[in-house]
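Have the viewer open as you read, and take the points in order.

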Amino acid sequence: MKLYENGVYLVNGSSIVEDTADAAAKISSMTGKSASKEDAKKGTMAYGILESHNTSGNMDKLQIKFDKLTSHDITFVGIIQTARASGLEKFPIPYVLTNCHNSLCAVGGTINEDDHMFGLSCAKKYGGIYVPPHQAVIHQFAREMLAGGGKMILGSDSHTRYGALGTMAMGEGGPELVKQLLNKTYDIPMPGVVGIYFTGSPRKGVGPQDVALAIIGAVFGNGYVKNKVMEFVGPGIDNMSVDFRIGVDVMTTETTCLSSIWRTDNKVAEWYDIHGRKEDYKELNPADVTYYDGFIEINLDEIKPMIAMPFHPSNVYTIDELNANLMDILDDCEKRAKVSLDGAVEFTLKDKVRNGKLYVDQGIIAGCAGGGFENICDAADILRGKSIGADEFTLSVYPASMPVYMELVRNGAAADIMATGAIMKTAFCGPCFGAGDTPGNNGFSIRHSTRNFPNREGSKLQSGQIASVALMDARSIAATAANKGFLTSAENMDVEYKHPKYFFDSSIYANRVFDSKGVADPDSEIKFGPNIKDWPAMSALPQNMAIKVVSEIHDPVTTTDELIPSGETSSYRSNPLGLAEFTLSRKDPAYVGRAKEVQKGQKAIEAGENPVDALPEFKDVLSKINESFPEVNASNLGIGSTIFAVKPGDGSAREQAASCQKVLGGWANIANEYATKRYRSNLINWGMLPLLTPSGDLPFELGDWIFLKDVKDVIEKKLPEVTAYVVKDGKLNEFKMTLGDLTDDERTIILKGCLINYYKG
């Protein structure tokens, strides 16, 4: 795998010319005509799709209108509630509500099914599409029924990626979908585009997860594709099936890229035809001369079965490398655990080694990444006639949709898998975020799913529980299962892969999915369960702000799972205050109490009372501020909390990572950088300041108060810096922070206090 340091011209889809002083002459000799870099940048597939969806008239500052939207059952309640509070009358474009996260309806009494019925009633009232539980995971339904060549889809799930089908898709927090529901736009600068150039063919036993993990390992740490579009080109694409391409594409989220797009061909045309939508196919190719801001060459011949060890998809090795250097790599995992788990529990995988071999406790093939037809068929070929054993090791397989499941039943693959002792289950995202198949304490699970962050498999540090996940491809998981838990590369199995043809049965959805065909019924009543609550009122940004640092996180990266845990907490996503009680519960359990104590001061101000009476510790802070700034008082001051994290926001698109802080009185995050665009957008959409401070020694620490002087003016007047003071040891110690680039709308949202207030006017 080669990452180019400079930009690259791709000529006629196959010749690579690095952007050096003689590049123009080389291109001219190859094509017989000159091409400017500016024109060549317009030759990407990404540029063409973005241009056709941009409403600003300025390709440097995009204002995108999407073709379709999609959400699942731990995001659509909050999105629709926000949109309703902001004036929603009907869904202006197709909006699909799937129910693939809280499908089990097993936690919190009736609240999960109450959310589902809320979704169905809103699909009727506002003119949407409702996919009942167990029918399909969000991204498989979108592939089967929504994707289209040259189209754009926005989803409230970070793995919204349909580039292999010619669709540019993006995963964002809920407020960005609210904007689309209210006929507003998705505003971003023109992103860079990185070419991913495939040659060769996948080796026998190598699957899409192996290719994806190899890419993630190469680009995550160096930020090579961060907030850029990954554009897949090159002759190697011809040697991958569409299912294989989809399996690579869905994992591009873990590189921190913005979106993805692939060139399309007859295989993609056939895929649409199989799904009864051949009119949605569009041939996509880069122009004869195309410029890429970055470029990666990947020889598929060289990709071997991979494993991402705990606790991140970028912690990658070949399986052969792991088995050859087992104790050294397991020692490295223990060192990573000390950082990721803060020493809360003892962690080791060395007890999984028997006679020099690593044994795992569980295998899972599931969801939008693993639950595809070809992944499961290949796994069935490996497992046919074998046994997974009658000991600790278990294997569960979740087809990504009922149409996929139906075909696996019809062609016998499901029977072959079940005969081994493995379990076939229905479409469900639970194993990917800790709501299904949680291993036993100290358990080690291998999964063809999307993430292996700490505790994402469902264990709870605060209760002394720890389990861990490694990511692998379905084929090597099946090989491991055939060896009763001994970690095995699929390359080591003598298997004849049958590669049966797929037949899509559309009657399953026709019989069960509610589709309004875009027709709203304003007289239809929305069904509210007792857990579904409105968002609390939120104040506009005051002239000055005093914020207390109530959590300080120095991990290299902080995931959204750590900010608001997944798993059973997801059942409370329709209750803003109820969910907020879980904020940082697995990372900093004292956070909620600290934040609520500080919030007493702001609540007193909003009630016209003296904040010092409600928050006595603030008396000395305000007194010190008034020594230098006597004009500061309750009429022009806000009181709130903030967290510091080095690089927060990796992972899920969940808006609740920000909104839970806001409803607890959070007014800001302070970071050295933000891991993803979507998390920073979530902060802004909930009226929180995305503050930036240089890396190195901090001028503040946990428990300190920070005074932000005239912060409202900074936003309104587009000033370059925020002047801040640490109130400490009887002094005001000045330092500076920045906010990064903000659009005019984003500034107004922060000034108003949140997106809901922005739309209320």
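**Notes on a predicted model**

1. Start with the aromatics. A search of the whole structure, which is a predicted model, turns up 28 aromatic pairs. I'll walk through a couple of them and then a cluster.

2. Take phenylalanine 311 and phenylalanine 347. Their ring centres are 5.2 Å apart and the ring planes sit at 55 degrees, so this pair is tilted. Phenylalanine 311 is in the loop between strand E16 (306–308) and strand E17 (316–318), while phenylalanine 347 is in the loop between helix H12 (326–340) and strand E18 (353–354), so the pair ties together parts that are 36 residues apart in sequence.

3. Now look at phenylalanine 629 and phenylalanine 707. Here the ring centres are 5.7 Å apart with the planes at 40 degrees, so this pair is tilted as well. Phenylalanine 629 belongs to the loop between helix H24 (618–628) and strand E28 (637–645), and phenylalanine 707 belongs to strand E32 (residues 705–708).

4. One more aromatic item: which residues do ring pairs link into a cluster? They are Tyr4, Tyr197, Tyr292 and Phe295.

5. On to helix packing. Two packed helices are described by the angle between their axes and the distance between those axes. For helix H4 (residues 76–85) and helix H7 (residues 174–181), the axes come within 9 Å and cross at roughly 45 degrees. That crossing angle makes H4 oblique to H7, and the crossing is right-handed.

6. Which residues make that contact? H4 supplies Ile79, Thr82 and Ala83, and H7 supplies Gly174, Leu177, Val178 and Leu181. Sorted by class, the contact of H4 with H7 has five nonpolar residues, two polar ones and no charged ones.

7. Stay with H7 for a moment. Eight of its eight residues are buried, so H7 is largely enclosed by the rest of the structure. After H7 comes asparagine 183, with a positive phi near 65 degrees.

8. Glycine 370 is in helix H13 (residues 367–370) and is buried, with a relative accessible area of 0%. What does glycine 370 touch, not counting residues up to four places away in sequence? Its contacts are Ile365, Asn375, Ile376 and His448. Also, the C-alpha atoms of glycine 370 and tyrosine 398 are separated by 8.1 Å, and these two residues are 28 residues apart along the chain.

9. Last stop: glutamine 599, found in helix H22 (residues 591–606). Glutamine 599 has 13% relative accessibility, so this residue counts as buried. Leaving aside neighbours within four places in sequence, glutamine 599 is in contact with Val663, Leu664 and Gly665.

Key: Residues numbered from 1 in each chain as written. Predicted model: local features only at pLDDT ≥ 70, side-chain atom pairs only at ≥ 80, totals over all residues. Heavy atoms only, no water. Axes fitted to C-alpha atoms, helices over the stretch in contact; angles between N-to-C directions. Helix = DSSP H or I, 4+ residues; strand = E, 2+ residues; numbered from the N terminus. Parallel < 35°, antiparallel > 145°, perpendicular 65-115°, else oblique. Left-handed = near helix turned anticlockwise from the far one by under 90°. Contact = heavy atoms within 4.5 Å. Nonpolar A, V, L, I, M, F, W, Y, C, P; charged D, E, K, R; others polar. Phe/Tyr/Trp six-rings, centres within 6.5 Å; stacked < 30°, edge-to-face > 60°. Buried < 20%, exposed > 50% of the residue type's maximum accessible area, 1.4 Å probe, protein only.
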